[in-house]
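Here is a short report on a structure, element by element.

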Amino acid sequence: MTQSPSVKLERIDACRVRIPKDAVPGMRVDGIIYADETLMKSVGQDPCVSQVANVATLPGIVKHSLAMPDIHFGYGFCIGGVAATDPENGGVISPGGVGYDINCGVRLIRSDLAGGELRSRVAKLTDSLFQHVPCGVGEGGEVRLKGRDLDDVLSRGSAAVIERRYGVPDDAEVTEARGALDGADPGCVSDRARQRGQGQCGTLGSGNHFIEIQVVEEVFDAEAAEALGLKAGQVTVMIHSGSRGLGHQVCDDAIRDLRGVPKAYGIDLPDRQLVCAPVHSKEGQHYLKAMRSAANFAWANRQIMTHLVRQAFSEVLDRPWEALGMHLVYDVAHNISKMETFEVGGARKSLCVHRKGATRAYPPGHPEVPPRYRKVGQPVIIPGDMGRCSYVLVGQPGAMESTFGSTCHGAGRLLSRHAAIRAAKGRSIQKELAARGVYARARSRAGLDEEQPDAYKNVQDVVSVVEKAGLSRIVCRLRPLGVIKG
Amino acid sequence: MEPARSGYEFLEHTADVKLHVWGPTLERLFAVAADGFYHLLGELTPAGDGERLRIELQAPDLTDLLHDWLAELLFRFDTHGQCVEDFFFQEITNNRLVVEGRVWPVDAARSRFDSGVKAVTYHGLDVTKQAGRFEATVILDL
């Protein structure tokens with residue numbers, strides 16, 4: 001199904017556009033895209049709008065098929081897609097609603113360092129990160145996971161590697177789901193996926209994954225910033241990475257294994273990449289258990305890299321990381337599916353929530369928000385693209401009411417990789433970044449050229465919409481100082 | 001001048017890569033698909049002579065077979081740092097292929113790596129035959 005200008009769209013308010021359920025045959029609910037006029041203009045002719053309509057055809061879908069303002073084309077679900085299905089009503093789980101990079105996510109590490117005093121050492125610190133953290137294609141890590149060790153990581157995520165000296169217990173307290181989803185089963189992860197993952201835990205990967213040294217440039221919500229341990233001028237480190245080859249293989253396996261399954265359950269799909277199975281089916285459960293295992297692998301991955309980041313800083317600055325105050329602020333997933341409870345039609349229901357390029361954003365008071373943040377809401381970390389600012393937000397009640405506790409995850413590409421490479425011809429992206437005060441190290445030239453700032457939409461436009469829509473509130477803006485990429 | 005009878009090209013795609021391949025036979029189609037895949041990965045230098053290998057794949061249809069062929073190459077590269085070359089298709093039908101070739105480990109220090117491929121997607125993947133030419137477009141998730 002490709003987008004045609006004739007898919008009916010109705011603007012609801014300044015932040016939302018509706019696709020009414022009679023716009024496309026088979027839709028069970030309306031679609032709602034969170035976007036203002038400007039963002040919607042850039043979305044305009046893109047087939048991602050049809051993808052929102054396609055998701056609305058899934059059995060058991062509840063309320064709306066949603067898309068966040070960073071919406072762009074994906075496989076099955078658009079990136080920025082959110083959908084919840086009711087397992088008691090034949091609701092399905094769809095791997096396309098999670099993505100190939102299961103639990104791609106972001107974590108933010110704070111510090112007691114000030115950007116001003118660190119300026120002369122940013123290059124050395126970035127070089128140290130580049131040495132310590134394996135990144136790029138073909139870069140294996142120091143951790144080799146096989147057999148029972150790998151099973152343990154797949155079952156227990158962050159905790160499994162924290163116990164192996166790659167962090168402290170408090171790191172798990174400020175990780176979404178405490179760094180592990182219940183209901184994982186390593187036995188559901190294929191041998192091929194295990195082989196792909198065994199040398200990759202604690203490695204950054206390539207593409208749009210990065211580790212960035214940043215400074216808190218501006219604080220917008222002083223109370224929330226204080227609760228998160230953040231203040232203007234402070235140095236932070238952000239890690240953006242996922243489940244590496246293991247997760248990618250789990251998704252590929254699932255799309256193959258589920259071929260033919262929708263038909264067997266009488267499910268008619270407008271797009272093959274929306275392949276799915278009822279949550280309450282052996283096929284659905286098999287994927288869920290494998291997906292949770294991959295999600296746990298990703299949390300372990302980011303946890304190991306946290307340790308390596310702390311090690312890198314400690315070596316350069318010649319102090320232990322604890323003395324540098326390098327504690328974890330929070331870690332969020334933005335490609336995942338979880339069973340979460342929401343009020344639907346006056347009753348509390350356990351729903352299968354898909355977030356594909358979308359982040360959980362629980363409000364103040366929610367029991368799953370760590371006690372230290374419960375007054376202000378769950379931290380939401382929104383990475384900007386390379387060379388541009390990132391944001392920290394906190395979840396708001398509007399998200400629970402309207403988007404199954406979800407908000408955006410980032411910016412979204414504007415230029416194709418080829419167009420970005422063409423635009424970079426004759427230029428040194430590395431030098432241009434340096435002129436903007438960003439010291440960049442990348443394993444491949446393509447890693448810089450394809451990921452240049454102009455290749456992405458402006459994340460500021462995206463976070464403005466989710467704030468205006470009441471989904472989350474902006475706490476502070478972070479400016480990059482140094483970045484490493486694959 | 002006549003267009004090449006077989007070949008590959010990369011088409012525009014916002015976030016990932018679209019590999020368009022064509023050839024007069026299935027053997028050529030699958031061979032240029034491998035060429036395109038390795039081109040995307042970068043400039044790979046072998047470490048040593050490698051060893052002989054045999055790959056056997058079965059799939060419900062030709063589209064899945066092409067997916068599985070590229071997925072196999074990706075798996076070998078991502079997991080074992082290996083490249084497959086000097087191959088020939090002992091057998092290739094709509095449902096099965098048997099390949100004999102050499103597999104060699106990549107010399108990371110003397111190679112240039114360009115793009116990290118996460119997966120071979122099924123999106124828009126369809127092997128067609130028209131006017132004596134096989135054709136397909138594969139989207140690779142980066």
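This is a predicted model, in which local features need pLDDT of at least 70, side-chain atom pairs count only at pLDDT 80 or more, and totals for chains, interfaces and linings use all residues. Residues are numbered from 1 along each chain as its sequence is written, while chains are lettered from A and ligands numbered from 1 in the order in which they are written.

**Sheet in chain A**

An open sheet of seven strands runs in the order β1-β2-β3-β4-β5-β13-β12 (chain A). Its pairing is mixed. Strands are DSSP runs of E with at least two residues, helices are runs of H or I with at least four, and both are numbered from the N terminus. Two strands pair if DSSP finds at least two bridges between them. β1 (10–13) and β12 (335–344) of chain A are the edge strands; each has a single partner strand, so one side of each lacks a neighbour in the sheet. From one strand to the next, the twist averages 25°. Angles run from 0 to 180 degrees between N-to-C directions, and axes are lines fitted to C-alpha atoms, for helices over the stretch in contact.

Helix α17 (residues 459–468) of chain A lies across β3 and β4 of chain A. The helix runs at about 145° to β4(A).

**Antiparallel pairs**

| Strand pair | Bridges | Residue and partner |
|---|---|---|
| β12(A) and β13(A) | ten bridges | F342(A) and K349(A) |
| β2(B) and β10(B) | seven bridges | L19(B) and V138(B) |

β9(B) and β10(B) form a hairpin, with two residues between them. In the turn, A131(B) has a positive phi of about 50°.

**Buried parts of chain A**

Helix α2 (residues 48–55) of chain A is mostly covered. Eight of its eight residues are buried, meaning that 20 or more other C-beta atoms lie within 10 Å of a residue's own C-beta, placed from the backbone (12 or fewer is exposed, in between is partly exposed). Among them are C48(A), V52(A) and V55(A). The buried residues of α2(A) pack against β2 (16–19), β3 (30–34), α1 (37–43), β4 (64–72) and β5 (79–85) of chain A.

V394(A) sits in strand β16 (residues 390–395) of chain A. V394(A) is buried because 28 other C-beta atoms lie within 10 Å. Beyond its neighbours within four places in sequence, the contacts of V394(A) include A224(A), V376(A), P379(A) and V475(A). Contact means that two C-beta atoms, placed from the backbone, lie within 7 Å.

**Helix pair in chain A**

The axes of helix α10 (residues 244–257) and helix α12 (residues 282–317) of chain A come within 9 Å and cross at roughly 165°. α10(A) and α12(A) are therefore roughly antiparallel. That term covers angles over 145 degrees; under 35 is roughly parallel, 65 to 115 roughly perpendicular, and the rest oblique. Residues of α10(A) including L246(A), V250(A) and A254(A) meet residues of α12(A) including Y287(A), M291(A) and F297(A). By class, this contact has nine nonpolar, two polar and one charged residues. Ala, Val, Leu, Ile, Met, Phe, Trp, Tyr, Cys and Pro count as nonpolar, Asp, Glu, Lys and Arg as charged, and the others, Gly among them, as polar.

**Contact between the chains**

On chain B, 25 residues are in contact with 29 residues of chain A. Helix α2 (residues 62–80) of chain B gives the largest share of the chain B side, four residues. That side divides into twelve nonpolar, eight polar and five charged residues.
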